[in-house]
Amino acid sequence: MAIRQIAKMGHPVLRRKAAPVDDPTDPEIARLAADMQDTLEWIGAAGIAAPQVYDSRRVVVYRILADRIPSGVALEPLPWTVMVNPVITPLSEEVGLIWERCLSLPGLHGKVPRYKRIEIAYQTLEGESQRRAVEDWHAMLLQHECDHLDGVLYPMRMTDLSTLAFNAEPGVLAEEAETTPDLDMALRAMVEAWPAREKWLSS
Ligand code: NI
């Protein structure tokens, strides 16, 4: 088991286009994926791309935690999934705005336009080709992670930078949380913990 350091915004590895993996069954890729999983487990986060652990290859690891799913949202918890050489195809032009955070931009969040329905094709560590059609939060997560493989961080996708804020001052998010019952539980917890909440939301 190895927990790896996370590259932060500004490091060149995050701007580089990651290299395709020639052999997904190479034990070195399995080791990389296991380290990425250990790192996520340690932090308590949902997804990570290899460039975020200073490895410029096309590997994504993620899961969907039951306690991150808001009540009433049709999303199933998902065990650890490793995707080698993932390729995303939008299944419709429909785009939604979704709040995102990133381990490589600690302390920040912002609202990002993402395709609502996508198909993702990838290889497993056993070298099998697989496809998954996903939507909403699940689709957003995968678009976010796969962007890392092309050197793209979420602020580069944002169309309204006024929603980019510190997690310690989640003003716009807090306003929205009042009227959005299906907000990601981790984001809701951030809003609840905002010290200035009462002062700014009661006026
Ligand atoms: Ni990220």
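This is a predicted model: local features need pLDDT of at least 70, side-chain atom pairs count only at pLDDT 80 or more; totals for chains, interfaces and linings use all residues.
1. Helix 1. What end-to-end span should you expect for the 17 residues of helix 1? At 1.5 Å a residue they should span 24 Å, and the end C-alpha atoms are 24 Å apart, so the model agrees. The buried residues here are I29, L32, A33, D35, M36, D38, T39 and L40, so note that D35 and D38 are on that list because they fall under 20% relative accessible area. This buried set packs against strand 1 (47-49), strand 2 (59-64) and strand 3 (78-90).

2. Nonpolar patch. M1, I3, W42 and I43 make a nonpolar surface patch of about 520 Å². M1 belongs to the segment before helix 1 (27-43), and at 81% relative accessibility M1 counts as exposed.

3. A buried loop residue. T124 lies in the loop between strand 6 (117-123) and strand 7 (129-135). Is T124 buried or exposed? Its relative accessibility is 8%, so T124 counts as buried. Leaving aside neighbours within four places in sequence, T124 touches P24, V82, V84 and Q130.

4. Salt bridges. The count comes to 15 salt bridges. One of them joins the side chains of K116 and D136, at 3.5 Å from N to O. K116 is in the loop between strand 5 and strand 6 and D136 is in helix 2, so this pair ties together parts that are 20 residues apart in sequence. Both partners are partly exposed, K116 at 28% relative accessibility and D136 at 39%.

5. More pairs. R131 and E119 form a salt bridge whose closest N and O atoms are 2.9 Å apart. R131 lies in strand 7 and E119 in strand 6, so parts twelve residues apart in sequence are tied together. R131 is exposed at 61%, whereas E119 is partly exposed at 23%. R197 and E192 also meet in a salt bridge, at 3.7 Å from N to O. Finally, E100, R114, D147 and R157 are linked in a salt-bridge network.

Technical notes: Residues are numbered from 1 along each chain as its sequence is written. Side-chain values use heavy atoms; hydrogens and water are left out. Helices (H or I, at least four residues) and strands (E, at least two) are DSSP runs, numbered from the N terminus. Buried means under 20% relative accessible area, exposed over 50%, partly exposed in between (1.4 Å probe, protein chains only). Contact means heavy atoms within 4.5 Å. Patches are made of residues with over 30% relative accessible area and no salt bridge: like charges are joined within 9 Å, nonpolar side chains (Val, Leu, Ile, Met, Phe, Trp, Tyr) within 5 Å. Accessible areas come from the Shrake-Rupley method with a 1.4 Å probe; for residues, only the protein chains shown count as cover. A salt bridge is a side-chain nitrogen of Lys or Arg within 4 Å of a carboxyl oxygen of Asp or Glu. The expected span of a helix is 1.5 Å times one less than its number of residues.
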